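Here is a short report for a reader who is new to this structure. Please look over the sequence and the 3D view before reading on.

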Amino acid sequence: MDTPNSPYPSYAPVPDSPVPVPLPPSPLNSPVPGAGPTPAPGPLPGPAPLPGPVPFPPPGPLPLPPEQDWWRCWRNAAVSGRYEGRQAGTSLIGKSLDLRLDVDRRNNAESPILNKVSGDIYTTRYARVGGRFQLVTSYLESWIVDNPVVTWSHCRVRISGTVRYWQGVHPPTTVEISVGWFLGAINPATVVFTVGGTPEAAYTCAYRSDCFRRVNLEMDFCSSVDVDPKTPSYNTHSHNNRPADLAERTLDLETTYRDAGVDVRIDSVHTVIDDSAPAFVSWNVGELHDAMETSFSRFTSSWPAWNLWGMQAGLFDSAGVGGIMFDAAAGFGGAGRGPERQGFAVFRNHSWFTNLVAGVAATQAQAWAQRHYLYTWVHEAGHAFNFLHSWDKARPDSLSWMNYDWRYDQRNGADQFWANFRFRFDDDELLHMRHGDRASVIMGGDPWSSGGHLESPPGAMTVSGPDSDVELTVTGKNHFDFMEPVALEFRLRNLSDAPVTVDRRLDPRYGNTTVYVQKPNGTTVLHESVVCYYGIPEPVTLGPAVEAGGTEGEDRYSELVQLAYSTGGFVFDEPGQYLVRVVYGSEGVVQVSNTFALRVGFPVTKEEDRFAPDFFRREVGLTLAFEGSMSPYLSKGLDALTEAAERFSGEPLGVKAATAVAQSIGDDFYRREDSTLVKAHSADPERALALTDPGLQRYRESATPSGNLAYRELVQFRTGLHLAADDAAAANSEVETLAKDLGERGANPAVVAQVRELMPLAAEKPGGTAAKARRSPRKRS
């Protein structure tokens, strides 16, 4: 009998082992009707036989003989997985189907059945390419069956349901799928779509894999960290802090993603990038992105594609960052022309990996390092599948690779994440990864954060938690000139009578803040940083509130956050009124800010209007987001910013453009040539100082409080430039002038004291010469 939505009991596979071949029942011990004379059986052991003849027919049901084809209908694998095939009646030209069935256990207990069916449809045709006709396969569309009816029988499973397409308008469509098995092997699937009541020609799709997607991962290593273990490996019982019933397994990058349903193929040949240049200390985002464009052998292939690049580097500029996914697009001659979500890096010299060893961990510290090494690689690669962090999807308590252990513990208690984590993505993430719209999942497809269609409802994080002792305020200028990059002040303030510790990393790239922007046309967009940093929290203690006897200024922390550019492009690119709202979540605090209104002005002159298309380009946005870059892939952006600095010198647009150019030329820039990292640009601090002189003068002349933080940041940047130019006295002078100006404008004494701490101590050394560090102009305070 066929039973919908439940496996046939005798033939369902056992996880991680083949299904045993069913044996026929034992021979009958009684005569069978219609049989001829039989020899008398020998004496039976045990109790004496009953007196008299054996009754016929025997009491109770007669055991049935095995079905004639019992030996045919067994299988040693799940039906679930990926199938490929073409539509009947087509050979080279026509439609093809990539089919994914997710209806029975394909791996282990940490790889759940999602009971979904999905697929991608392609077309094959001849097209003129380069002056001649070639066979071209083009992706057409993706679909999913949300609630399939699954009917298991002896040798076959039948699946049916209503088709939902991700894009476009379609007539009502259903699908019927039939898959059989023979002598252990899975037969091809027959797939028939019925569109508007009319069946189409069937697809015949051969079984390809027990995974639903396949991704090629190219891994490159810097020579300074080209050491074992090159790839992560962790025994799930190595560390004592784990779920009590967790099965003991050895996990690596491939097995972890296989559990999720993705076949990750790591390229056996990896490039070693020589990073031994004497002055090279750490990587910045621009250099990482440039290295990917130069090193990734598949970067020039057609996109989107299931290709991913990962690099193991030494240190990042911000030493607390252990891993990064950089979403900036590149390829086809330069950044900004696609693809996206294709590159990430892990920083091997981070303190997390001090105790990392190859092989079996001998101590709990070594086990912790191995576990975190695996976690960092899986987490950063997960962003390439368009995964946001768990808290950005209103799931802060999710036990997922995409959550942070310390954030989970802040809400649930110390060491609780690893005590409950089962080394898997959560079900909603698995649904997205296995069955999401192809464009939303594949590398080089939709921009990062645009495809959480199976993960979180729009605006899920716009609701604050319970009343908090910490206030989040967004403030800044109320009016920005057309094209002027928007930067706003994010401020945390303690409202309680006791000190409060918070994470001071307020820039969205660190994952603590989520920024929503309502545009002039009424649509609300999520501002997502083009890079994502995974690192150690940077705690700052806020003193008690002034109303409770605290010192004014010590109860708050502020940061100027650049918001001009996100994964979706320039956010404030149209004249009109915008509304900005921010959600902060860290250190056990979930708080929503005020709604801040700002206005972007109209172009004042024809010159501005004509220059706008050159400015609102991705190369400019990426240079701003990277805080400067000398990559040749972004040269058009640097050229446009240089032109803006010259055309609009002294105006807000010119001041900010000049600062971005100064950030680019004021620091060394390293690029890969062949297999060696070389200094492609030497820092020019004198020119960078000259570029920012007009901006410094403007901030000094302006007495508006909204400009104080920008004034301070510029002086802090210039302090590093002065030190790089061996002029500590000039740095001290500018810091002292800044402190004096802020004091006269009514800034809190505590803030003025903090400003004076920017004075370089190196000036007190004999000779007054400051020691130069490569990253000093860009370092965070």
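## Phe-344 and strand 20

Phe-344 sits in strand 20. This is a predicted model. The relative accessibility of Phe-344 is 0%, so the residue counts as buried. Its C-alpha atom is 9.8 Å from that of Met-219. Along the chain, Phe-344 and Met-219 are 125 residues apart.

Strand 20 covers residues 343-347, and helix 3 covers 364-383. His-350 belongs to the loop between them. Its relative accessible area is 1%. Buried means under 20%, so His-350 is buried.

The side chain of His-350 reaches the backbone nitrogen of Trp-352, at 3.0 Å. Setting aside residues up to four places away in sequence, His-350 touches Gly-314, Leu-315, Ala-319, Gly-320, Val-321, Gly-322 and Ile-536.

## Gln-312 in strand 18

Strand 18 spans residues 307-313 and holds Gln-312. Gln-312 has a relative accessible area of 0%, so it is buried.

Which residues is Gln-312 in contact with, leaving aside neighbours within four places in sequence? Asp-220, Phe-221, Cys-222, Val-225 and Lys-230 are among them. Val-346, Arg-348, Tyr-373 and Trp-377 are also in contact with Gln-312. One of these partners, Cys-222, is itself buried, at 0% relative accessibility.

## Helix 2

Helix 2 runs over residues 285-295. It is mostly covered, with ten of its eleven residues buried. The buried residues include Val-285, Gly-286, Glu-287, Leu-288 and His-289. Asp-290, Ala-291, Met-292, Glu-293 and Ser-295 are buried too.

Asn-284 caps the N-terminal end of this helix. A side-chain oxygen of Asn-284 lies 3.2 Å from the backbone nitrogen of Gly-286. Gly-286 is one of the buried residues of helix 2.

## The disulfide

How many disulfides does the count come to? The count is one. Cys-73 is joined to Cys-155, with an S to S distance of 1.3 Å. The link is right-handed, with 80° about the S-S bond.

This pair connects distant parts of the chain, 82 residues apart. Cys-73 is in the loop between strand 1 (3-4) and strand 2 (81-87). Cys-155 is in the loop between strand 6 (149-152) and strand 7 (156-162). A disulfide is a covalent bond between the sulfur atoms of two cysteines.

Cys-73 has a relative accessible area of 2%, so it is buried. Cys-205 is another buried cysteine, with a relative accessible area of 0%.

## Backbone details

Most residues other than glycine have a negative phi, and most peptide bonds are trans.

Asp-228 and Pro-229 are joined by a cis peptide bond, with omega about -5°. Pro-229 lies in the loop between strand 13 (213-222) and strand 14 (233-235).

Leu-183 has a positive phi, near 50°. This residue is in the loop between strand 9 (173-182) and strand 10 (185-195). Is Leu-183 buried or partly exposed? Its relative accessibility is 41%, so Leu-183 counts as partly exposed.

Met-483 also has a positive phi, near 75°. The loop between strand 22 (479-480) and strand 23 (487-494) holds Met-483. Met-483 has a relative accessible area of 3%, so it is buried.

Notes: Residues are numbered from 1 along each chain as its sequence is written. This is a predicted model: local features need pLDDT of at least 70, side-chain atom pairs count only at pLDDT 80 or more; totals for chains, interfaces and linings use all residues. Side-chain values use heavy atoms; hydrogens and water are left out. Helices (H or I, at least four residues) and strands (E, at least two) are DSSP runs, numbered from the N terminus. Buried means under 20% relative accessible area, exposed over 50%, partly exposed in between (1.4 Å probe, protein chains only). A polar contact is a pair of N or O atoms within 3.5 Å; within protein, one must be able to donate a hydrogen and the other to accept it, and residues adjacent in sequence count only if both atoms are side-chain atoms. Contact means heavy atoms within 4.5 Å. A disulfide is a pair of cysteine sulfur atoms within 2.5 Å.
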